[in-house]
Each structure stands twice: as C-alpha cells, then as structure tokens.
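The entries follow the order in which I went through them.

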Amino acid sequence: MRDYDEITAFLGEWGPFQILTFFVLSLSVFPNGFGGMSIVFVGDIPEHRCFIPGNLNLSEAWMNRTIPLEQAKGKLQYSKCRRYRLDVIRNLSEIFPDPDSVNISEVEQEPCLDGWVYSKDQYISTIVSEWDLVCNNDWKMPFSMSIYFLGVLVGSFVSGMLSDRFGRKAVLFGTMAVQTSFNVLQVFSSSWEIFCLVNFLIGIGQISNYVAAFVLGSELLGKSIRITYCTLGIGISYAFGYMFLPLVAYFIRSWQLLLFTLSLVGLIYIPLWWFVYESPRWLLSKGRVQEAEAIFQHVAKKNGLTLPEELFNDLELENIKDKNIKSLPISHLVKTHNIQSITIISLIVWLILAIGYYGLSLNTPNLHGDDYLNCFFAGAIEIPANLAAWLFLQKLSRKLSLSGSLFFGGIVLFFIQFIPPSVSMLATVLVMVGKLANTCAFTIIYTYTAELYATVIRNTGVGVSLMASRLGSIISPYFFLLGVYYEFLPYILMGSLTILSAILILLLPETNNFPLPNTIDQMQRMKRFKGVCNHRYHLNTNETTTEVNCVAIKNEKI
C-alpha cells in the first residue's frame, strides 16, 4: 500500500510550485527574527543619574557635587541610584561657597527621590526611561522579556492544537494578523504592566505563526527538500529578520516609533494569502478529499504535469487518515532506564542551549563596540551557523556534530575571561563565535531529538524538550545580571554548562543512517555508545530519518 509521499511523488520535488512555496513560507518567518529581539533596543538602559530639582538655588560647582562617585567595572563614575541628601547640601552651600572646602563624601546619601535624568545621546526614549525601570526597579526590564518567553511557552501548547483543528494556512495568517495587531497595540501601552501583558500575547502569536509555517512547509514540500527548508529556508529568513532590526533601530531611536515601524512589516504579508495553499495532507486527514484534489490539480498544472485519473483508492485514503498516530502518555518518557536517560539528558541540553542562545543575543548592548553593529553581526552569524548545521546533518554523525559544536562554543565562551581589557574587541569576536556554535547546535538538536524517540512518543518527547527550552529562555534575561558579582561570571557559567552538555550528548545513541524506532521496544535496543542498530525487529521502511526531520518537529527558535 502506497503512503502519502509515494502517492504524490509524481508532482516532483523541486518544481515551480515547490520553489514558490519554499521561498514564500520562508519569508513568513522573517518578522520572527526581530520580534523577540526588539527588546535589545526597546529595553536598553540609557546612562542615567538622580534628578536634582532646579529650585535649590545651588551654584554650578555645588550642582556637580550632588551625585557621589563610586567604583564600577574598574572605573570611577557617578552613582546611578544614589545622591547626597539635598537638604544637607543646600545648608552646606550657604555656609561654604566652594564645595572643595568641605569633605562631601561624609554627607549622608539618599535614593533618587525625585526620579532620574536620562542621557539622550543614543536614545530618545526606551521603556526603561519611560517607566524608570532602574535601581530598585531594575528587575522589571528582564522580567518584560521573561513574560514574552512565558507567552511563547503557552503558545507552544496551543499552536499545534490550533493548527490541527483549523488548518495550517488559516492559523498561519490568523496568528500573523494577531501578532501585527498586538505589536501596534503595544505602542500605546500606558504603563509597564500593560506593556508586559501585550508582550505576553505577542509571544503566543509569534510561536503560533512560526509553528504553522514550519508544519505547512513540512507537509507541502517533498522529502528531499524538507531538511533544507527546516534549516536553510527558515533559519536564514529568521537571520535576515534579526539583521533587519538594528538597521531600523539605528535610524529610529524612540521605542514607540521603533515598535510601530516594525509592526508595519506584517502588512506586506497580506498578498501572500493568494500564494500559499492549505496542506493537502491535513485536508485528507479531515476527509476533505475534493479540496485536496483541487490543490493537487493546481500543483500539477503549475509544474507542467498531468494529474492521474485516480490519485488514491479508498483503502489508501483510509491509510492516510490512520497516519495520525496517537502518542503514548508522558509517563513513557521515564518508563525504562534507557528512555529515562535520553529524556533527562535532552531536557538538560535543551535548557542550557536556550539559556546560551537567548542570553548571548540579549546581551549584545553590553558588548564592546557599537550596539547596532554588534546586533547586526549577532544576526548575520546565524547564516553560516545554519549552513554549517545543514552540512553536518547531511554528511556527519548527529552525535559528534552536536557534541562538537557545543564543546567548541563552550570553550570559546569559557576563555573570554582571559582576554585583557586592552583588546576587548577580541572578547566581542569570541562572543560572536560562541553564538555561531550555539546556533549551529540549536539547529542540529531539533532533528537529533526527533530521531532519538520512538514514533509513539516522538511528539511527546520533542514537546517536553521544547518546554525545557522555553524555561531556559525565561531564565536567560536574568543570566547576565550575575555580572554584578564578577564581570565574566556569566561567560564562565555559560561556557562550563555548554561543555557539560557536550559531554552528556556523547552518552546518547547515534541516529544518523539508522532506521527510526517505531515502538518502545525498538527504542530500548538502540545502542548508547556504538550507535549500532538491531535489524532483527520489524521497521516501517517508509519512515526514514529524512522524513521525520521536519514533520515530527513542531517548533523552532523565535
């Protein structure tokens, strides 16, 4: 009995229809590249210090001495959160015209009771200057990003169900419309609380849009193109969206105008409705045979082919419907020692990868050099990273490719602490190299995780791993706050954890060029160290590693 891919093989793998679908669906991921990362500029912290009211009648000399000096990162600078008590300063100024005749350092200090004054050298405004998210409220800025990732976590649960219920195309464009609408609404946030609420909803929309594009492309494109679409198509489009962000932010220095401008990009996707088609595989699973046949007819005409008189018989159609495999309960992920080990290692590695990827991405304003160039390079570095991941997936062992990428990235990040301040630009280069390795590993692990699990628990296994990733992304905005204790502590921890994950990967089985396990029993027989596959048990030869690369994976970076 022929399966879906055999039935539709006559349509070809890379005709005009597939080429158009590949590029249009890849283009739909473009806004995801700047959507989540816009907080890099929207939430950047301008230089600031306590506001000193002008009604104190202080001379310029005394005004310049109202803010205490303190040591920060090896330099003496004005305090950002403290000032000398103004009533004492005013009394002293009346007695001593020259502040140098007084030991001001002994004057009692107080917090910024009248607010802050922010530098306008780089930004007209950010959400930090808008709502004073500094000093005792400095936790609110990273929390704004964590709320976004919490929305991504929630969206990860609902996106697959929405796509299965209402169709891939409807959810793709519906969530793009919701995403664009909430981006515009966020511009008019009247408080930090409302900004966070809208950011949460944007996170739900971003991941739902991504998942729909991911699954739709997986089902419209043939086996030989799916892995290219999932790595190069989606990955490079995301990278271009990432690179687009600093180009716009360089010319627009107001957070509200920046968000509004970025949200308008969503409007250009309206015409794409007429170039994207619903998944025939989904239509057949819902019994909408005539609609599926109409799409097959269009594809055949577009590719200059003739549609067979009978595409599939009733038995084959029933077989396609039965392909909607029901996953076993989540408890099966820890049912045996072997599967339990795979699950625990997967959760740890996914968590560490997410902390590394988003931590490095969100920390670009703190790197040496120009903020806009650093952000641009952080996005550009993802293009060679995705190309490398694609080559590794095509040519090399999954386990060694992933472990090698993680080990290399971890070593690079760990050794940043040894770079002297005189060559701080080298530290920025090493951060970019570390991000390249992290992005490459992130791309590889999607395929590898899907291939590790048996068919009956594959969706559950990948889904739980993605949950660990989302938890890592929620933590990531706070990771670099550890730099308060020691400047290089975040890099030391991140490098060490990444090296640990590289070692853990070596404990997993090899999956490249081996048939995928369909049952728990087959998964049990996977060899941990040698990657040897036992061929004595029955395997469904139609389900190859190439086929599962995209179909079983429901998520990707945001």
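**Entry on ring pairs.** I began with the aromatic rings of this predicted model, and I noted that ring pairs link Y148, F149, W350, Y357, Y358, F442 and Y446 into a cluster. I then looked up the total, which comes to 30 aromatic pairs. One of them joins W14 and F22, whose ring centres lie 5.4 Å apart and whose planes meet at 85°, so I wrote the pair down as edge-to-face, since planes over 60 degrees apart count as such.

**Entry on charges over rings.** What sits over the ring of Y250? I found the charged end of R253 there, 5.1 Å from the ring centre. In another place, R49 lies over the face of Y78, at 5.9 Å from the ring centre.

**Entry on the nonpolar cores.** I asked myself which residues of the largest nonpolar core touch the most other members. Of its 117 residues, they are F41 and Y491, and the largest share of this core, 14 residues, comes from helix α10 (residues 192-220). Leaving aside residues up to four places away in sequence, I listed the contacts of Y491 as L360, N363, L367, L413, F414, I416, V431 and F480. Apart from this core lies another, of 14 residues, which includes C50, W62, V102 and V107.

**Entry on helix α12.** Finally I turned to helix α12 (residues 255-264), in which W255, L258, L259, L262 and S263 are buried. Looking down the axis of α12, I noted that these buried residues fall within an arc of 130°, so they line one face of the helix. I reminded myself of the general rule that an α-helix has 3.6 residues a turn, so residues three or four places apart point the same way. What covers the buried residues of α12? I wrote down that the cover includes α3 (30-35), α4 (39-42), α7 (127-131), α9 (168-187), α10 and α11.

Terms used: Residues are numbered from 1 along each chain as its sequence is written. This is a predicted model: local features need pLDDT of at least 70, side-chain atom pairs count only at pLDDT 80 or more; totals for chains, interfaces and linings use all residues. Side-chain values use heavy atoms; hydrogens and water are left out. Rings of Phe, Tyr and Trp (its six-membered ring) pair if their centres lie within 6.5 Å; planes under 30 degrees apart count as stacked, over 60 as edge-to-face and the rest as tilted. A charge sits over a ring if NZ of Lys or CZ of Arg is within 6 Å of the ring centre and within 35 degrees of the ring normal. A nonpolar core is a set of buried Ala, Val, Leu, Ile, Met, Phe, Trp, Tyr and Cys residues joined through side-chain atoms within 4.5 Å. Buried means under 20% relative accessible area, exposed over 50%, partly exposed in between (1.4 Å probe, protein chains only). Helices (H or I, at least four residues) and strands (E, at least two) are DSSP runs, numbered from the N terminus. Contact means heavy atoms within 4.5 Å. The arc is that of the directions from the helix axis to the C-beta atoms.
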